[in-house]
Every structure is written in C-alpha cells, then in structure tokens.
Amino acid sequence: MNNILITGGAGFIGSTLANFYSKNHKVTVIDDLSMGSKSNLDQSANLCFIEGSVTDSILMEKVLTDTQFEYIFHLAAIASVADSVERPLETHQINFDSVFQLLELVKSNQFGLKRLLFASSAAVYGDEPTLPKKEESVIRPLTPYAIDKFAAEKYVVDYYHLFDVPTSAVRFFNVYGPKQNPESPYSGVISIMMDRYKKVLNKEETMFTMFGDGTQSRDFVFIEDVVQALDIIAHSQDTLGEVYNIGTGEAIGLNELVSIVDNFLQVNLPIQYEGERSGDIKHSLADISKVKAVGYQPKYTIKSGLEKYVAYEL
Ligand code: UD2
C-alpha cells in the first residue's frame, strides 16, 4: 500500500484517479474546490480530503512533512484557457508557482518519493498546424495557460536531470468522461453536449451551440484510458524525466460526434451554429507512439467511450 498525493483531486481527472487508487492505496487529496467537488470522491477509509490551495506554501509543507508520499500527481490548476487570459497573474501563481514550490519542497523532503507526475497540456503546441503532434514537435504556447504549462513542465523534467527528483510530465489532449463539469462555456465540449442531450431526453428546451461549422476535430481520450496512462507512466523507470502525449492517436470532427450520440439515443440534438470561437485551433491530434512504447494502449475508441459515458450519464 502506497501513500499517494493528488492535488486537484476533487476535479474531473483528479477525482477519477483518486477513486481508482483509493481501492488499494492511501490517497490524500488536496483541492480548493474552485472547480471540483467533494461529491466526486468515493466514501473510503483510504481517502483523506484536505480543502486548501496548492499555492499555500505552509499547508503544502505540512502535507508533505506529515506523510512520506511515494507518488504525487500534481493536477491542480486553472484548467480553462479563457480563464487564464482573464486572470493571467492568478493563473501563473496556481499553474506555475505551485509547481516550482512543490519541486523545491520535494527536493528537500521526500526521500521515499518514487514519482512526481505533472499534468501539462496539448495547449503547449499552440496553433502550429502540423499533425499529429509528437512530443518533440514545435512548441508554440499562445496563452498564459499554455505558457505556464510549458514552463512548469520544463522545470519538472529538469529537476530530474539536475537534482534526481523522480519526475515525469504528461500533455493531455481532450479528455472526456463522467464527472467532467459542464457548467462553464469553456468546459470540455463533450460534457456540454451530454448536458444538452440530458435536457433533450427530459423534454426540456435546449440548444447546443456549435462554434464554427462543426468540421473542427480533436483527439478525444476517455478518462479511463487517461488513468491507465498515468498509472503506467508513474510506475515505469523508462519514463523518468520524460514528457508524454496522452490521447488516442485518432481524431474526430464535432459533427460526426453529434451523429454518433444522436444515433445511440435516437434523438436529434438541436444545434445552433455560431462563428468560430476566437483562438480556437481547427484540428488537434496526438502521436502516442512514445507512451505506447512504455505499455499504454487505449482501450476505448471514441464510439465505445461515448457509449460508456452515455450509459453512465443518461
Ligand atoms: C482543449 C482544452 C484546453 C487546452 C486546449 C489545447 C478541454 C476542455 N480544453 O481545448 O484546456 O488544453 O485543448 O489546445 O479539454 N465547442 C463548441 N461548443 C461548445 C464548446 C466547445 O462548438 O459549447 C467547440 C470549440 O469551439 C472547439 C471544440 O468544441 O472547437 C473543442 O472545445 P473544448 O473547449 O472542448 O476543447 P479545446 O480543444 O478548445
């Protein structure tokens, strides 16, 4: 049984990971509940929840000295690109300073640490159009979110090479699945769609807003595959000091996505087309050969992932 710390562990990805590990390990979750919710977490004697911010250095030092963690997953972040443009300074404190501070704390305190895994984003690739994205593709971060993710990711990797802190970083593509919050206009598009389908099934009036013509495409990866990838990367020795794309290696357009779910549910999602969202990229796709080489194999196609998600939500 290991001690595992998950920052941002009440959010979508963090809570799914916390619930997965708390079946067999002692999990500590720290979350300021700005986006996440305690209700995402299973009731388990193995799960300890701390409400607080990763920017609180006194709290973080206490958490790290009270328990010797074998694994730390640093997922806490302002997760919305648009939010980061509205609040660049606050984003920097949460998305960059907290990582740097954690690295310093771990460097001096965590002798039993086996891995610190940092969640970065496909946003670091920006709008450079060459696809699929390899880890060594051109990096063109365009927003405070992307700049901070890239800088933090670099420090994380560097702390392994400079100070032997056992670290890895991942770049998430478009993650979807149960517990993703659809409340903000910048929530993952599939969670927003699912919310609108729920309303259609409940015979409530609703409309899905499609920004652009729906031909834009993304590499949507189901949350269970993300958990699989994180677990493999955290436990492999080959992944030390490395960065990995996490996606499926397949992209799908939004119109096609809607027709798959329409077909499952035998309904028509009402769609209102609007202009493209400013700053949107047209297509995104991960090359996942690097993470596949350490044993990851996505289990879900977009169809089977959506089917499971629909069965869970609706
Ligand atoms: C994803 C990440 C973001 C960043 C970025 C990097 C999510 C939720 N966001 O943004 O954090 O890493 O990738 O490139 O994973 N759309 C609609 N209607 C809606 C909502 C969205 O048409 O109600 C469109 C949107 O304009 C875009 C596509 O759906 O073309 C995907 O949007 P998204 O916000 O789910 O994800 P993305 O790729 O913009």
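**Helices, core and ligand shell**

Tutor: Let's start with α7, where Ile223, Asp225, Val226, Gln228, Ala229, Leu230, Ile233 and Ala234 are buried. This is a predicted model, where local features need pLDDT of at least 70 and side-chain atom pairs count only at pLDDT 80 or more, while totals for chains, interfaces and linings use all residues. Residues are numbered from 1 along each chain as its sequence is written.

Student: Okay, so why is Tyr125 called buried?

Tutor: Tyr125 has 27 C-beta neighbours inside 10 Å, so it counts as buried. You'll find Tyr125 in the loop between β5 (115-121) and α5 (144-163). Helices (H or I, at least four residues) and strands (E, at least two) are DSSP runs, numbered from the N terminus.

Student: Which residues does Tyr125 touch?

Tutor: Leaving out residues up to four places away in sequence, Tyr125 touches Lys133, Ser137, Ile139 and Arg140. Touching means contact: C-beta atoms, placed from the backbone, within 7 Å.

Student: How do you know that the length of α7 fits a helix?

Tutor: The expected span is 1.5 Å times one less than the number of residues. The 13 residues of α7 should span 18 Å, and the end C-alpha atoms are 19 Å apart, so that agrees.

Student: And why does the span of α5 agree?

Tutor: Its 20 residues should span 28 Å and the end C-alpha atoms of α5 are 27 Å apart, so that agrees. Among the buried residues of α5 are Tyr145, Ile147, Phe150 and Val156. The cover over the buried residues of α5 includes α3, α4 (88-109), β5, β6 (167-172) and β11 (243-246). Just after α5, Asp164 takes a positive phi of about 65°.

Student: What makes a set of residues a nonpolar core?

Tutor: They must be buried Ala, Val, Leu, Ile, Met, Phe, Trp, Tyr or Cys residues joined through C-beta atoms within 7 Å. The largest nonpolar core here has 86 residues, and Ile6, Val170, Val226, Leu230 and Ile246 touch the most other members. α5 provides the largest share of this core, seven residues. Leu230 touches Leu17, Phe73, Leu117 and Val170, again not counting residues up to four places away in sequence.

Student: Which residues are closest to the ligand?

Tutor: Ser121, Ala123, Gly188, Val189 and Phe211 are the closest of the 20 residues that surround the ligand. To be near a molecule or strand, a residue needs its C-beta atom, placed from the backbone, within 6 Å of it. β8 gives the most to this shell, three residues. The shell has eleven nonpolar, six polar and three charged residues. Here Ala, Val, Leu, Ile, Met, Phe, Trp, Tyr, Cys and Pro count as nonpolar, Asp, Glu, Lys and Arg as charged, and the others, Gly among them, as polar.

Student: How do you know where the ligand lies relative to domain 1 and domain 2?

Tutor: Domain 1 (3-175 + 220-246) and domain 2 (176-219 + 249-285 + 300-313) both give residues to the shell around the ligand, so the ligand lies between them. Domain bounds come from an automatic or database domain assignment. The C-alpha centres of domain 1 and domain 2 lie 26 Å apart. Their contact takes 23 residues from domain 1 and 20 residues from domain 2.

Conventions: Contact = placed C-beta atoms within 7 Å. Buried ≥ 20, exposed ≤ 12 C-beta atoms within 10 Å, placed from the backbone.
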